[in-house]
Amino acid sequence: LGDVGTHAFHLARFVTGLDPQSLLSRMNSYSAHHELDDYGHAIIQFAQGATGLVTWSQVSHGRLNDLEIEVDGTNGSLSWRQEDPNRLIMRSLGAATQILERNPNAPYTTGDAADACRLPAGHPEAFFEAFANVYRDAIDALRSIDGSTQPDRRLLYPSVNDGVDGVRFMHLCLKSQDQDSSWCQW
């Protein structure tokens, strides 16, 4: 939960912008050498009416580091996997499935996405570059505090509040599990 589940939770919050309202969690430990949970789910009810499911696992065979997200909307859906980070799958109601590749010069690339690209299209970019972007934006935020520099882009980095939300997510998952997987208010 603390190692894998919080990453998925933060990704869902970042991508959707939704605010959790309550959650229900079920966790298990299937491996004899794990003292803590190694598999679990949290169903999240968001304040905006949507429902989400976060699944975490340390025991899913054949997966290297498979953080993934799927977002279903009224007219379409998006799907992304960390093990294939340069592709976003977009499915729209009544249209063919599209694969959008990471390309800072593509017409579908937003300004925020182009600012995060460090390599030209066609070159694999992801894990190390993501950390570089987080550090760059955090440093730029610190530099802007005294007013000497103002960033020319939107800064995207995890805040202290994001950390608090991650701890709250873990706390409520454990509380739900301890209460026979009952719903807990955010």
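Okay, one term before we start: two residues are in contact when they have heavy atoms within 4.5 Å of each other. With that in hand, take the contacts in this chain with a separation of 6 or more: 39% of them join residues 24 or more positions apart. And keep in mind that this is a predicted model.

So what's in the chain? We've got four helices and eight strands. Reading from the N terminus, the order is α-β-β-β-β-β-β-β-α-α-α-β. The C-alpha atoms fill a box of roughly 50 × 50 × 35 Å along the principal axes. There are 186 residues, and 27% of them are buried. The exposed surface comes to about 12100 Å², with carbon and sulfur atoms supplying 55% of that. As for charges, the chain has 14 positive and 24 negative ones, and their mean positions sit 3 Å apart.

Now let's zoom in on helix α3. It covers residues 127-145, and its 19 residues reach 28 Å from first C-alpha to last, close to the 27 Å expected. Which residues of α3 are buried? They're Asn133, Asp137, Asp140, Ala141 and Ser144. Looking down the axis of α3, the buried residues fall within an arc of 105°, so they line one face of the helix. Here's the general idea: an α-helix has 3.6 residues a turn, so residues three or four places apart point the same way.

What do the buried residues of α3 pack against? That's α2, residues 111-116. On the face turned away from the buried side, you'll find Phe128, Tyr135, Leu142 and Ile145, which are exposed. Last stop: after α3 comes Gly147, with a positive phi near 80°.

Technical notes:
Residues numbered from 1 in each chain as written. Predicted model: local features only at pLDDT ≥ 70, side-chain atom pairs only at ≥ 80, totals over all residues. Heavy atoms only, no water. Helix = DSSP H or I, 4+ residues; strand = E, 2+ residues; numbered from the N terminus. Buried < 20%, exposed > 50% of the residue type's maximum accessible area, 1.4 Å probe, protein only. Areas by Shrake-Rupley, 256 points an atom, 1.4 Å probe, with all protein chains shown as cover. Lys, Arg positive; Asp, Glu negative; His and termini not counted. Charge placed at Lys NZ, Arg CZ, Asp CG, Glu CD. Expected span 1.5 Å × (residues − 1). Arc of directions from axis to C-beta.
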